[in-house]
Amino acid sequence: MIKIITVYGGMLLAALGRTLLLALLGLFFACIIGMIFGIMGVIKNRACNIISQIFVDIIRGVPMIVLAFFVYFGVPYLFNTIIGGFSISLSALQAGTICLALNCGAYMAEIIRAGIQSVDIGQMEAARSLGLTYSMSMRKVVLPQAIRTMIPTFINQFIITLKDTSILSVIGFPELVNTAKNVQANTFMSFQTWAIVGIMYLIVITILSRSAKVVERRLNIGR
Amino acid sequence: MVDKSVVKVSVRNLKKSYGSLEVLKDISTDIYKGEVLCIIGPSGSGKSTFLRCLNRLETVTGGEVIVNGQNIVSKGTNINKVRENIGMVFQHFNLFNNLNILDNLTLAPIELKKCSRDEAVQRAKKMLAKVGLEDKAASYPSQLSGGQKQRVAIARALCMEPEIMLFDEPTSALDPEMVGEVLQVMKDLAADGMTMAIVTHEMGFAREVADRVIFMDAGYIVEEGTPQEVLVNPKEERTIDFLNKVL
């Protein structure tokens with residue numbers, strides 16, 4: 001155990017850094033995707049509602065490992081070989097980010113849609129009755145309340161996404177699990193290696209969820 | 001107080017359906033400047049829907065609603081501008097839970113650039129004083145009682161300086177001992193000459209304050225007239241039947 005930490009500790013920490021980078025990139029784009037499709041799911045427009053629902057259904061219905069292979073191998077193959085004339089290649093980080101963004105984005109869209117719909121319709125009506133437009137009412141009254149109810153589910157989703165980065169070891173991105181596999185192959189110390197990796201995830205996620213609790217409490221004024 | 005020469009709201013053959021369910025069948029009436037109109041009737045008679053058609057919170061299926069000479073049913077109407085002039089008070093208060101009382105009152109005037117921030121705050125404080133809650137400016141809605149919330153809701157509507165106020169069962173969600181304080185604010189408002197349309201179950205209030213009472217049933221106006229005519233000497237059998245049950 002000591003040997004792994006002294007010899008491979010730096011390597012594992014660097015891999016954890018890449019895991020966090022991938023998770024942050026994925027989450028950043030997932031927030032944008034989630035916001036767009038979540039709002040498309042609640043506005044009074046049939047076409048937007050349907051597009052949003054189809055997106056969510058497709059992404060939710062496909063395991064992330066399949067999505068990862070599809071984005072990393074399938075999409076370049078489609079352009080370069082089936083259609084031909086392109087030479088697209090995605091780095092593992094790019095493909096991984098797209099994958100996480102799509103996957104997490106679909107779940108975020110659902111969280112945002114459900115969060116907005118959980119706000120009493122009377123809030124919107126009262127705002128509109130004063131002459132505020134739909135978007136003003138949304139921005140000033142409905143969204144601030146929706147976001148408060150969304151936060152616990154958001155945090156949950158962040159944690160799931162952070163853990164889902166481990167799936168992207170299959171496309172060769174050197175995140176924590178992928179690196180740990182190499183460490184284990186070099187040392188043959190399975191128990192020690194995976195225990196250390198498990199603890200590393202545990203520490204990061206615990207810090208994340210604790211600090212999220214603090215944010216949640218701060219936002220609860222006036223409730 | 002009623003100025004019969006100025007029609008504030010004119011409703012012509014108003015119809016409203018939800019799918020195959022026809023809630024308002026053929027409603028026509030005028031509301032004059034300074035008039036206090038009380039709308040009574042059994043639940044499901046369409047009185048709330050009728051009120052909500054007056055500021056187009058409900059999409060009208062047929063007929064016309066003319067506010068200050070402008071047909072608000074037609075598509076070209078900027079409904080937001082019309083609504084600035086029509087205050088509404090809801091059964092469940094609908095105060096903005098994420099904002100404190102002062103911000104509840106100033107949000108719309110500031111967002112809609114009716115006045116500067118300072119003016120909005122000044123007016124909000126004046127309105128809070130009017131409903132007896134000047135000390136609650138920094139509180140949040142969750143810290144107020146039902147009666148206080150409803151008085152804030154009235155003050156919030158008044159901050160837009162509307163010419164017409166709509167009340168949708170403003171005391172129905174209140175504990176009995178809080179009904180009086182809300183009705184008092186409404187009485188003061190009526191005495192100031194505000195044009196008001198009130199859906200209510202408070203027959204005593206209707207008798208005392210209303211200039212005209214409408215009794216609705218099954219999507220029609222069954223009877224209308226002075227409180228004396230409708231509440232004391234009703235002619236229609238359905239009105240008599242209803243009043244016997246509630247009084």
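Visitor: Hi! Before we start, how do the accessible areas come about here?

Guide: Accessible areas come from the Shrake-Rupley method with a 1.4 Å probe. The model itself is a predicted one. For chain A, the accessible surface comes to about 11300 Å², and carbon and sulfur atoms hold 70% of that.

Visitor: And which elements are in chain A, helices or strands?

Guide: Chain A has 8 helices and 0 strands. Its C-alpha trace spans about 70 × 50 × 20 Å along the principal axes.

Visitor: How much of chain A is buried?

Guide: Of the 223 residues in chain A, 45% are buried. As for contacts in chain A between residues at least 6 apart in sequence, 76% join residues at least 24 apart.

Visitor: Switching to the interface: what area is buried between chain B and chain A?

Guide: About 1900 Å², with 56% of it from carbon and sulfur atoms. Chain B brings 23 residues to the contact and chain A brings 21. On the chain B side, B:Phe96, B:Asn98 and B:Glu111 lose the most area to chain A, together 27% of what that side buries.

Visitor: How many salt bridges cross the interface?

Guide: The rule finds 2 between chain B and chain A. B:Arg52 forms a salt bridge with A:Glu125, with the closest N and O atoms 2.6 Å apart.

Visitor: Which element gives the largest share of the chain B side?

Guide: Helix 3 of chain B, with 3 residues. By type, the residues of chain B's side that touches chain A split into 12 nonpolar, 6 polar and 5 charged.

Conventions: Residues numbered from 1 in each chain as written. Chains lettered and ligands numbered in written order. Predicted model: local features only at pLDDT ≥ 70, side-chain atom pairs only at ≥ 80, totals over all residues. Heavy atoms only, no water. Contact = heavy atoms within 4.5 Å. Buried area = accessible area lost by both parts, 1.4 Å probe. Salt bridge = Lys/Arg side-chain N within 4 Å of Asp/Glu carboxyl O. Helix = DSSP H or I, 4+ residues; strand = E, 2+ residues; numbered from the N terminus. Nonpolar A, V, L, I, M, F, W, Y, C, P; charged D, E, K, R; others polar. Buried < 20%, exposed > 50% of the residue type's maximum accessible area, 1.4 Å probe, protein only.
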